[in-house]
Amino acid sequence: MSVWYEYKTGVDSRDADGQGRCRPSALLGHLQEAATLAAQDGGFGRERLMEEYRAFWMLARMWFRLERPLRWGEELTVRTWHRGGAGAAMYRDFDLLADGRPAGEAVSLWVLADADSHRLLRLDSVPLLAGTDGGERRKGKKLFKLRAPEELEPVGRRRMRYSDTDMNGHVNNTRYADFACDAIGMEDLSEGRFVQEMQLGYLAECRVKEELVLLAGQEGQGVYVQGRDEGGRPRFEVRLIFGSAQ
């Protein structure tokens with residue numbers, strides 16, 4: 001049996017950058033909203049997990065790849081399903097359509113954690129998940145920890161503010177994409193270029209008033225950005241690969 005969920009929205013003015021394209025952070029927001037609604041629809045959403053198991057989902061990694069930029073005014077369709085999982089980790093897959101035509105794909109990696117101790121929980125301890133995966137739709141891509149370039153250069157600092165936070169009081173997962181895009185000067189990117197592929201790794205939570213040191217370096221065909229706290233501990237990492245818009 002294949003279980004999947006479809007979420008439809010529009011790329012509106014809140015999502016668009018100065019070139020009328022959907023910002024990476026806005027796309028991540030739509031992916032997370034689709035994942036949240038899919039979990040609720042499947043019977044293993046936040047409220048039920050907390051009520052029955054004192055558990056919650058934590059996003060560990062996220063990746064997307066676009067065939068072309070998503071543009072202001074287009075209808076975005078997100079089809080999503082999960083793969084099941086081993087241990088405490090579960091992958092969730094996405095197909096992206098713009099105005100009904102294939103436009104890209106995405107994969108996220110989630111872990112299940114105890115709400116009181118934050119220790120990871122095995123997925124098989126939650127019977128709600130049985131029989132809810134995407135079956136034959138499951139993708140094969142896995143998300144591994146990014147490898148930082150040997151040479152990283154400081155490119156700025158970022159203090160966490162009220163506007164960065166989510167309902168848990170932490171910095172919203174999507175905001176790290178903005179931090180990375182700002183750090184590398186996306187406003188100077190030529191009109192024919194766009195973020196075709198992005199992977200984010202969430203290494204440790206950030207809160208309001210904390211400050212991150214941002215570092216960047218060339219990583220293969222892309223650019224790597226890392227945020228470190230004042231003690232030098234990495235809090236997030238991002239790899240961006242650019243493509244040419246059609």
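The model is predicted, so local features require pLDDT of at least 70 and side-chain atom pairs pLDDT 80 or more, while totals for chains, interfaces and linings use all residues. Residues are numbered from 1 along each chain as its sequence is written, and side-chain values use heavy atoms, without hydrogens and water.

A pocket here is an open set of points on a 1 Å grid over the protein atoms alone, where a 1.4 Å probe fits, with protein on both sides within 12 Å along at least five of seven lines; lining residues have an atom within 4 Å of a point. Volume is the space filled by probe spheres set on the points, which are joined across faces, edges and corners. Of its 47 lining residues, Q32, W57, D166, N168 and N173 lie nearest the centre. The largest share of this lining, 9 residues, comes from α1; helices (DSSP H or I, at least four residues) and strands (E, at least two) are numbered from the N terminus.

The second largest pocket has a volume of about 400 Å³. Among its 20 lining residues, D17, R23, P24, C181 and M186 are closest to its centre. Two or more lining residues come from each of β2, α3 and β7 (193-202).

L121 belongs to the loop between β5 and β6 (153-159). It counts as partly exposed because its relative accessibility is 23%, between the limits for buried (under 20%) and exposed (over 50%), with a 1.4 Å probe and protein chains only.
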